[in-house]
Amino acid sequence: CIQIVLLAIAYGLRRENELVTILYYVGFCATLIFVLVATKQWRLTRQDNISTEDTERRNAVFRRVGDHYRASTSTLVYALLASLALAVVSTIKISSVGPDTIALSFIILLALLGTFLIAAKKGHLASKWLLRLIASCSAAVVFYHASLIHILSNWRYLLDFSLLATLVFLALCVRVSRKTVFSLTTQDLLIVLVLLAVQIIPIDERWQFLATRITIFLFIVEYLIAIKKPRRTLLNVGCMAALLAVTVISFF
């Protein structure tokens, strides 16, 4: 988070002279050192004053949704498939897909289907690498086709709302699990930084949304990979079905 703040300052000072930049940097370092020292003292004092009972009371609200967490696997899988379905339906009236794009989508579909069948023959349907491969390729193609719809289309709002709602549901799942199953890492924070950077890069807004949609989708997939019963076969088949549907719709 501190690195994100520093990069934001650097972006804001990109047109300032060197002296102003150095002054900002010195001030940032001084503030950071002060915050780290003060936080360390605060944590030591806080650990002496907080009892186990206080901690348990604080988490009581989240524990009440334990049933919600146990049903998270199916809910997240169906939510991801629903997002793909919305993306597919939104492409029905698109007429700007070129023959090269259609051919590439078809080739990717055949490659994924062949890989899936080989994995099934060798008993590797539950493999992490298979789900990552199929989910990433399918999401990239399907959401790319969906990105070609009009920027103010109602389908776009429905698609983004479904992904954001699923992401909120995932955040609650992570909180309820109390980091025993899945926890955020510094890599996840860097992904957030990349998404923020994409929003300020002077590119078409459609590609900004495309990057965000794919990232959210794959982040949720990583959570499903981390838990014990992720229903990977259902998600694999659903992803390939969405890829097939969007390819057929684009062809006709």
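Predicted model: local features only at pLDDT ≥ 70, side-chain atom pairs only at ≥ 80, totals over all residues.

**Entry 1: α6 and α7**

At what angle do helix α6 and helix α7 pack, and how far apart are their axes? I found an angle of about 160° between α6 (residues 99-121) and α7 (residues 128-146), with the axes 11 Å apart. Angles over 145 degrees count as roughly antiparallel, and α6 and α7 are therefore roughly antiparallel to each other. I also noted that their crossing is left-handed.

Next I listed who touches whom. From α6 come T101, S105, I108, L112, T115, F116 and A119, and they meet W129, L130, L133, I134, C137, S138, V141, Y144 and H145 of α7. Sorted by class, the residues of this contact are 11 nonpolar and 5 polar, with no charged ones.

The average pLDDT is 80 for the protein, and 80% of the residues score at least 70.

**Entry 2: the overall make-up**

I counted elements and got 11 helices and 0 strands. Of the 252 residues, 34% count as buried. I then looked at contacts with a sequence separation of 6 or more: residues 24 or more positions apart account for 83% of them.

**Entry 3: α5 and α11**

Are α5 and α11 roughly parallel or roughly antiparallel? The axes of α5 (residues 72-90) and α11 (residues 232-251) come within 10 Å and cross at roughly 5°. Angles under 35 degrees count as roughly parallel, and α5 and α11 are therefore roughly parallel to each other.

On the α5 side I wrote down V77, Y78, L80, L81, L84 and V88, which meet L234, L235, G238, C239, A242, A245, V246 and I249 in α11. By class, this contact has 13 nonpolar residues, 1 polar residue and no charged ones.

I stopped at A245, which lies in α11. Its relative accessible area is 28%, so A245 is partly exposed. A245 also sits 9.9 Å from I92, C-alpha to C-alpha, although the two are 153 residues apart in sequence.

**Entry 4: α5 and α10**

I stayed with α5 and turned to α10 (residues 205-226). The two helices pack at an angle of about 155°, with their axes 11 Å apart. That makes α5 roughly antiparallel to α10. The crossing of α5 past α10 is left-handed.

Which residues of α5 meet α10? I found S72, T73, L76, V77, L80 and L84 in α5, and their partners in α10 are F217, I220, V221, Y223 and L224.

My last stop was I227, in the loop between α10 and α11. Is I227 buried or exposed? Its relative accessibility is 9%, and buried means under 20%, so I227 counts as buried. I also checked I227 against S72: the two are 155 residues apart along the chain, and their C-alpha atoms are separated by 9.9 Å.

Conventions. Residues numbered from 1 in each chain as written. Heavy atoms only, no water. Axes fitted to C-alpha atoms, helices over the stretch in contact; angles between N-to-C directions. Helix = DSSP H or I, 4+ residues; strand = E, 2+ residues; numbered from the N terminus. Parallel < 35°, antiparallel > 145°, perpendicular 65-115°, else oblique. Left-handed = near helix turned anticlockwise from the far one by under 90°. Contact = heavy atoms within 4.5 Å. Nonpolar A, V, L, I, M, F, W, Y, C, P; charged D, E, K, R; others polar. pLDDT = per-residue confidence, 0-100. Buried < 20%, exposed > 50% of the residue type's maximum accessible area, 1.4 Å probe, protein only.
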